[in-house]
Amino acid sequence: NKWSVAAVPVQAWADKVFANVDTAQERRAKLWDAIFSATRVYEDDPISAWQSHQQNIVTRRDILTQKQYTALHFTSEGTDLMVGLPQGHIWQGGASQHQSGTLFTPNIPTEEMFTMPHRDRVNGTVKATKPLSYASTVIEDFSFTFEDGRVVGFDAKDHADVLQDLIDTDEGAKHLGEVALVPHSSPISQTGVLFFNTLFDENAACHIALGRAYGTTLTDGADMEADQFVEAGGNISQIHVDFMIGSQQTNIDGITLDGTREPIMRNGEWA
């Protein structure tokens, strides 16, 4: 099936996003405005803008898949993280293809290209660059430390108990299931709005996700038994929770099989 996930403001959502705006009507209007800005509605030709944007995503994701980097190295203020990638990983994002061959956009907005980290090859420290809205709680200024793919420590300004409950969900919750690249110039990032909605907030910056990996981001992964998937580097969990790690200071290198470093992002933008 072809589908699309989109968003329409309801009053409770608008009240949360724009709590400092005086009237309910103004809050709802500002949320509409933010959504239109984030989804290219205000472009002179929105349809053409979306087609061009989708093609850019597809082109870049295909290049990244062909590269088959063995790892990505993220550096920025508070972050020095090596994310290993399994052999045969596939970058996804943007348009999806229906079995008839036609393309469709499953998520509006969409800015990310994402793939599967190797569950046992993530090392270093990563600092969140935007708040995480999880379990009705907004968690700010937090970081995680990984060794051999597993969370071995974290630091949080507040709500540490919520983060602890998150990574204690199951063993897979302590490992990564997704790594995604988003330029700082993303329209969602430029709005400066925290939407308290993953559909929007995960497309504001580069991000990683604790928990379940998607089988479609690994060659034949969707058809593997659970033990095969894990052996290939995939992660299994009840959760999949994204948090933002990208900013205007983010630099990312791709590491090739022979150890060569290639720039992927510099200062938050495609190199």
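Leu163 is buried, at a relative accessible area of 0%; here buried means under 20% relative accessible area, exposed means over 50%, and partly exposed is what falls in between, using a 1.4 Å probe on protein chains only. This is a predicted model, in which local features need pLDDT of at least 70, side-chain atom pairs count only at pLDDT 80 or more, and totals for chains, interfaces and linings use all residues. Side-chain values use heavy atoms, with hydrogens and water left out, and residues are numbered from 1 along each chain as its sequence is written.

Leu163 sits in helix H4 (residues 160-167). Helices (H or I, at least four residues) and strands (E, at least two) are DSSP runs, numbered from the N terminus. What does Leu163 touch, not counting residues up to four places away in sequence? The list is Leu132, Ile139, Phe142, Phe144, Phe154 and Ala156, where contact means heavy atoms within 4.5 Å.

On to helix H3 (residues 46-67), which has 22 residues and reaches 32 Å from first C-alpha to last, close to the 32 Å expected at 1.5 Å a residue. That expected span is 1.5 Å times one less than the number of residues. Its buried residues are Ala49, Trp50, His53, Gln54, Ile57, Val58, Arg61 and Leu64. Seen down the axis of H3, they fall within an arc of 165°, so they line one face of the helix; the arc is that of the directions from the helix axis to the C-beta atoms. An α-helix has 3.6 residues a turn, so residues three or four places apart point the same way. The cover over the buried residues of H3 includes strands S5 (113-115), S11 (176-181) and S15 (261-266). Turned away from that buried side are the exposed residues Gln51 and Gln66. After H3 comes Gln68, with a positive phi near 50°.

Helix H2 (residues 24-38) can be read in a similar way. Its 15 residues reach 21 Å from first C-alpha to last, close to the 21 Å expected at 1.5 Å a residue. Buried in H2 are Arg27, Leu31, Ala34, Ile35 and Ala38. They cover an arc of only 100° around the axis, which puts them on the same side of H2. These buried residues pack against helices H1 (11-17), H5 (187-191) and H6 (198-201). H2 is followed by Arg40, whose phi is positive, near 70°.

Most residues other than glycine have a negative phi, and most peptide bonds are trans. Ser136, in the loop between strands S7 (132-134) and S8 (137-139), has a positive phi near 65° and counts as exposed at 75% relative accessibility. Asp220, in the loop between strand S12 (207-211) and helix H7 (226-231), also has a positive phi near 65°, and its 54% relative accessibility makes Asp220 exposed. A cis peptide bond joins Ile108 and Pro109, with omega about 10°, and Pro109 lies in the loop between strand S4 (103-104) and S5.

Finally, the largest pocket has a volume of about 530 Å³. Of the 19 residues lining this pocket, Gln92, Ser96, Pro106, Asn107 and Phe114 are the closest to its centre. A pocket, on a 1 Å grid over the protein atoms alone, is an open set of points where a 1.4 Å probe fits, with protein on both sides within 12 Å along at least five of seven lines; lining residues have an atom within 4 Å of a point.

Notes
Grid points are joined across faces, edges and corners, and a volume is the space filled by probe spheres set on the points.
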